[in-house]
Amino acid sequence: MPPAKECDEKYMALALELAEKGRGMVEPNPMVGAVIVKEDEIVGKGYHKNYGGAHAETHAINDAGTNCKGSTLYVTMEPCAHHGKTPPCADAIIGAGIKRVVTTFLDPNPITSGKGLKQLQAAGIEVRMGVMEDQARKINAPFFKLIQKGMPYVIIKWAMSIDGKIATVTGDSKWITSEESRRYVHKIRSQIDGVMVGINTVLKDDPLLTCRFNGGRNPKRIIVDGKASLPLTSALVRTAKQSEIIVGVSRNASPKNIETLRKSGCTVIETKGNNDRVDLRELFLELGAMRLTNIMVEGGSKLITSLLEERLADKIIVFIAPIIIGGDGASPVLGKGVDNICDALKITEVRQYRFSDDVVVEGLLNYR
């Protein structure tokens, strides 16, 4: 007998935990986990481990073997019904003899959306939808944005003193936060597709923007550089073979500069921005077309301000160190600002945690 419906959330929660293990490895695919239960006993588990590899359902079916017959499958997204890099999961589920499938929501990808559900039902398999749907949507928010809007999910990150400064008046910013906080940032870099900064940050700090998290992959390094002025002597260009560099420029930029960057190994995206400014929306659409799922923006203030004003960012992570800089040190957000507190940009689903003595605040940007 399949487990009672009241047990569905328990097993789906486990499937969601498994799905998280694929973070940073499966993009631009979604993170998916699967659990197979028979007579209230877990007989198989699996998750999507890497892009192009077997899906979660296949791993779980292989793990369960002959125990699949008459079992219930818990999977964190509708099983696919199309041929992609792997065969359809719906076919594998039917062939394994699974009798009940519990899932969260329909796959938003129009190639397969709803088809897996119909195929399973046509084969006589009972399907329950909507179990822990909100939680499943949250962990795959970047996938949803890429599929529905054609743009990557954008995370803004900055580190500041307790009085709201990201650098001293001289521009010094190393290091505001603790080593533990910086290690965590590198862990995030290992899980995303791209790290983005503005050209002024490059000129001031000459960063590498690589991942120094043990075993982590390097993200693509994205520079917003309207004039295509990225120095060939910069650490970025000198390490172009280590990890791809993408430079977003204005179409008004010098053709010579653009060609020089391309010859140096950089990918250059030309946008229709005015007055040597990059059209950020066009840049993100181009990055989405390249299948970049999520990007972390690490500065500077002008870029962060533009992203907020143009409502292009989705999430914010702020590291607050227990130091006071004072004076005319740099602020993370510029612009005109709001006249009334009630008009301030709201942060929702706020989460707080600590690294050493630093406090980290993260949440979703609510532009309503």
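1. The structure under discussion is a predicted model. Its secondary structure consists of twelve helices and 14 strands. The radius of gyration is 23 Å, close to the 21 Å that the globule rule gives for 368 residues, so the protein is as compact as a globular protein of that length.

2. Of the 368 residues in the protein, 51% are buried. Among contacts with a separation of 6 or more, 71% are between residues 24 or more positions apart.

3. Surface and charge. The protein has an accessible surface of about 17,600 Å², and carbon and sulfur atoms contribute 49% of that area. Its side chains include 49 positive and 43 negative ones, with the centres of the two sets 3 Å apart.

4. The buried side of helix α4. This helix covers residues 115-122, and its buried residues are G116, L117 and L120. They cover an arc of only 100 degrees around the axis, which puts them on the same side of α4. The packing partners of these buried residues are α3 (89-96), β4 (100-102) and β5 (126-128).

5. The other face of α4, and what follows the helix. Turned away from the buried side is a face that carries K118 and A122, both exposed. Just after α4 comes G124, which takes a positive phi of about 85 degrees.

6. The surroundings of C211. Which residues are in contact with C211, leaving aside its neighbours within four places in sequence? They are H186, R189, S190, G216, R217, N218 and P219. H55, by comparison, is 156 residues from C211 in sequence, and the two C-alpha atoms are 27 Å apart in space.

Note on methods:
Residues numbered from 1 in each chain as written. Predicted model: local features only at pLDDT ≥ 70, side-chain atom pairs only at ≥ 80, totals over all residues. Heavy atoms only, no water. Helix = DSSP H or I, 4+ residues; strand = E, 2+ residues; numbered from the N terminus. Rg over C-alpha atoms; globule rule 2.2 N^0.38 Å. Buried < 20%, exposed > 50% of the residue type's maximum accessible area, 1.4 Å probe, protein only. Contact = heavy atoms within 4.5 Å. Areas by Shrake-Rupley, 256 points an atom, 1.4 Å probe, with all protein chains shown as cover. Lys, Arg positive; Asp, Glu negative; His and termini not counted. Charge placed at Lys NZ, Arg CZ, Asp CG, Glu CD. Arc of directions from axis to C-beta.
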